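Please examine the sequence and the three-dimensional structure shown here. The paragraphs after them lead through the structure step by step.

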Amino acid sequence: MLVGLHDIDRDRAIAAFAALERELFGKGAWSENAIRQELDAPARTYVFDVDEPDGPIRGYAGFWYDGDDAELMTIGVSQDHQRQGIAAAMLDRLLHDAELQGARRMLLEVRVDNDPAIALYRRFGFSIMGRRKRYYQPEGIDAYTMSADIKPHVMGFQTMQTTQTRGNDQDIHDNEGAAQ
């Protein structure tokens with residue numbers, strides 16, 4: 001079950017976030033202080049995955065938005081709960097929330113050696129824009145920059161008639177008789 005930051009105890013969320021960061025990212029993990037600063041920063045949206053309201057936090061994800069583009073700040077799922085669709089559910093929710101806030105595109109950075117994450121992002125329509133050398137420290141690992149359109153860019157005679165939700169429920173039509 002996905003819950004927003006305001007739906008759970010903040011100190012519990014920060015402690016779990018920090019513990020998962022250490023588990024997943026080792027020396028590159030965000031400190032508890034960095035997490036507090038991130039969650040306090042303006043224009044942030046964070047979700048957490050829990051199996052029940054007071055159960056353990058299994059994952060976290062968040063983005064920053066204050067213009068045309070949303071920036072995926074972080075996403076992580078405990079190693080014991082990976083490959084269960086949690087990251088996909090959180091990413092889907094964040095893309096939906098970003099769209100509701102008016103974002104046209106989402107950007108992110110991902111380690112070039114993180115094949116599972118890259119596959120997840122590609123599944124959601126992200127494509128590689130470029131590469132940032134030695135982006136992840138202290139290891140000095142390169143990052144791909146990736147982007148995905150959230151709102152279709154209307155061009156020419158195309159119009160968007162309905163958009164229900166992301167993924168398989170998305171229903172976008174072109175005008176009949178539009179130039180091919």
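The account below turns from strand pairing to helices, then to the nonpolar cores and a single threonine.

The model is a predicted one. One partner of β4 is β3, which runs antiparallel to β4 and is joined to it by seven bridges. The two strands form a hairpin, with three residues between them. Within this pairing, Y60 stands opposite G76 of β4.

The other pairing to consider is that of β4 with β5, which is parallel and extends over three bridges. Here A70 stands opposite M106 of β5.

Helix α4, residues 115–123, comes next, with A117, I118, L120 and Y121 buried. These residues lie on the same side of α4, because they cover an arc of only 160° around the axis. The other side of the helix bears D115 and R123, which are exposed. At its start, a side-chain oxygen of N114 comes to within 3.2 Å of the backbone nitrogen of A117. After the helix comes G125, with a positive phi near 90°.

Helix α2, residues 32–40, has I35, E38 and L39 buried. Viewed down the axis of α2, its buried residues fall within an arc of 95°, so they line one face of the helix. Q37 and D40 are exposed on the face turned away from that buried side. The buried residues of α2 pack against α1 (10–25), β2 and β4.

In soluble globular proteins, nonpolar side chains tend to be buried together. In this model, the largest nonpolar core has 28 residues, and L72, L91, M106, Y121 and F126 are those with the most contacts inside it. At least two residues of this core come from each of β3 (57–65), β4, α3, β5, α4 and β7. Helix α3 supplies the largest share, seven residues. The surroundings of L91 illustrate the packing: leaving aside residues up to four places away in sequence, L91 touches L72, I75, M106, L120, Y121, F124 and F126. Apart from this core lies another, of 16 residues, which include V3, L5, Y46 and V50.

Finally, T45 belongs to strand β2, residues 44–50. Is T45 buried or exposed? Its relative accessibility is 15%, and T45 therefore counts as buried. With residues up to four places away in sequence left out, T45 touches A61, G62, F63, L94, D97 and Q101. With Q101 there is also a polar contact between the two side chains, at 2.9 Å.

Methods
Residues numbered from 1 in each chain as written. Predicted model: local features only at pLDDT ≥ 70, side-chain atom pairs only at ≥ 80, totals over all residues. Heavy atoms only, no water. Helix = DSSP H or I, 4+ residues; strand = E, 2+ residues; numbered from the N terminus. Buried < 20%, exposed > 50% of the residue type's maximum accessible area, 1.4 Å probe, protein only. Polar contact = N/O pair within 3.5 Å; in protein donor to acceptor, adjacent residues only side chain to side chain. Contact = heavy atoms within 4.5 Å. Arc of directions from axis to C-beta. Core = buried A, V, L, I, M, F, W, Y, C linked by side-chain atoms within 4.5 Å. Pairing = 2+ DSSP bridges.
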